[in-house]
Amino acid sequence: MAPSVAIIGAGFGGLCMAIQLERAGIRSYTVFEKAGELGGTWRDNSYPGAGCDIPSHLYSYSFEKYASWTRRYPEQPEILDYLAHCADKYDIRGKIRFRTEVRRAVFDGAKWQLSTSCADSDDDENGGDNGERVEPFDVVVMGVGQLNRPRLPDIPGMADFDGVSFHSSRWNHDHDLTGRRVAVIGNGSSAAQLIPRVAEQAEHLYVFQRTPNWVIPKPDATFGPATKLAFHFVPGLQRVYREWIYRYAEGTLYPALAQGWSVNLLRQRALRHLRSQVPDPELRDRLTPDYPPGCKRVVIDSTFYPALTRPNVSLVTDKIVRITPKGVETTEGSYAVDTIVFATGFKSTEFLSPMEVVGLDGGSLEERWRDGAEAYLGISVPGLPNLFMLYGPNTNLGHNSIIFMIECQVNHIMACLPYLAANGPIEVRPEVMAAWRRQLDASMRRMVWGAGCQSWYKTADGRVTNNWPGPTTLYRRLTARPPHPAYRVVGTG
Ligand code: NAP
């Protein structure tokens, strides 16, 4: 009999898992989604200008060709449309329990017991945690992502601000920015996308930059009718185009992150972009990073720098001291604003949190991961039988499409299902996990992320918990290996 599968999250990862189960004829699954809509990060990030800096044809499932892309780089609404199209085509919607957040997952020796809370629950004191137990599942697949919980900074006085403030991923669409004096705190990929749009509306925009980013151009373009027709009707065209983008990213961007032959190419490209878009040498100076390109996520955008040169935009690089009721105070002065946008990133290293996960030894995963999250292939953890993660620890990329990684993970899990169905719960062997950790550490040493900058890729004490340090072709090979002998049946040696 097919195992019952609980999929947590209806974003790119969770939907991919559900689709592959459907394609394999396995319908004994349920998707739990805490929000009222599918889409994950692409539902949450609806700020003006939100989009993806990986081309549409690669930022999509390899098995689901899509004729409706209107441009080279997809914007947020189009990505949501794509996900909705996939959910409808593979008949997933009816299998999603919306507004149901999984708060706790406990392995009882045979199955996973899940406790959920409904967003509609009256139990507000516990954040809606009514602790409802749902039916037990053989398998749990976590598809909650790495960038799902906003990180607000800890700046004194934030609670005293008289104006309107919100995080970039919780955009306040009721708050019209026309004629406002706006502060954007942060200058990462989200900020770079929203700043040009906010600048068009605001009377004045102050961009608070703590650390400059390396920025390279995003050669966006709309697809004309002929191109769209060609993508639709010419056999193999989408596949070849996708392959070409993939190979370019793998062949030129990855070596730069591994501090190989293309480091200077990336640096020169970014510096040329800066020189061509920012004529003022003093402003250019403040926008030039002093750490190697790729250490933080490179921003891919062609509209960010021009926005900073507008007369109604000021780049502020002094240290923020506090938020006052009237605005932002830095070491050098005060900036009166009525709106603050915190484009300050996500709690990226707190994988699965705040969900409580308890495995064979009765201890919580959070406790086990107190020095940083880790998982074999970013997918499995010893002592957590039949529990798998999508986009888990050390599977993020700084150079290619995360959808590729998700598909590798789903394929791996699909290969584990018959094995566990035939033998009972399986877990990855502790010695395999230890060897994996050693290999990861060794590969990580050559990567650019380790030294010279702080980023969302790593914990406060500098352990890179988020990124995959090898080529994605290697990841595909490793995840394609059969589960035996890396996994063992629980209770056997
Ligand atoms: P982020 O890259 O983590 O950037 C956060 C920004 O906030 C940084 O500039 C950071 O400065 C600043 N910041 C944080 N705390 C601060 C404080 N207390 N005072 C002043 N500044 C502070 O977050 P993000 O821009 O939301 O992007 C996160 C990731 O999402 C990206 O790296 C990317 O992988 C993904 N994303 C992708 C796309 C896409 O097109 N594919 C678009 C948006 C986002 P420091 O640098 O000094 O820490």
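Modeller: In this predicted model, a network of salt bridges links E33, R43, D44 and R170.

Colleague: How far apart are the closest N and O atoms of D44 and R170?

Modeller: They are 3.9 Å apart in the salt bridge between D44 and R170. This pair joins distant parts of the chain, 126 residues apart: D44 belongs to helix 2 (residues 41-44), and R170 to the loop between strand 8 (164-167) and strand 9 (181-185).

Colleague: Is D44 buried or exposed?

Modeller: D44 counts as buried because its relative accessibility is 18%, and the cut-off for buried is under 20%. R170, with a relative accessible area of 38%, is partly exposed.

Colleague: Changing topic, which residue forms a salt bridge with E407?

Modeller: That residue is R242, and the closest N and O atoms of the pair are 4.0 Å apart. E407 lies in helix 11 (residues 402-423) and R242 in helix 6 (residues 237-257), so the pair ties together parts that are 165 residues apart in sequence.

Colleague: And how accessible are E407 and R242?

Modeller: E407 is buried, at 9% relative accessibility. R242 is buried as well, at 14%.

Colleague: What about E22 and R27?

Modeller: Their side chains meet in a salt bridge, at 2.8 Å from N to O. E22 counts as buried, with 16% relative accessibility, whereas R27 is partly exposed at 42%.

Colleague: How many salt bridges does a search of the whole structure find?

Modeller: The search finds 26 salt bridges.

Technical notes: Residues numbered from 1 in each chain as written. Predicted model: local features only at pLDDT ≥ 70, side-chain atom pairs only at ≥ 80, totals over all residues. Heavy atoms only, no water. Buried < 20%, exposed > 50% of the residue type's maximum accessible area, 1.4 Å probe, protein only. Helix = DSSP H or I, 4+ residues; strand = E, 2+ residues; numbered from the N terminus.
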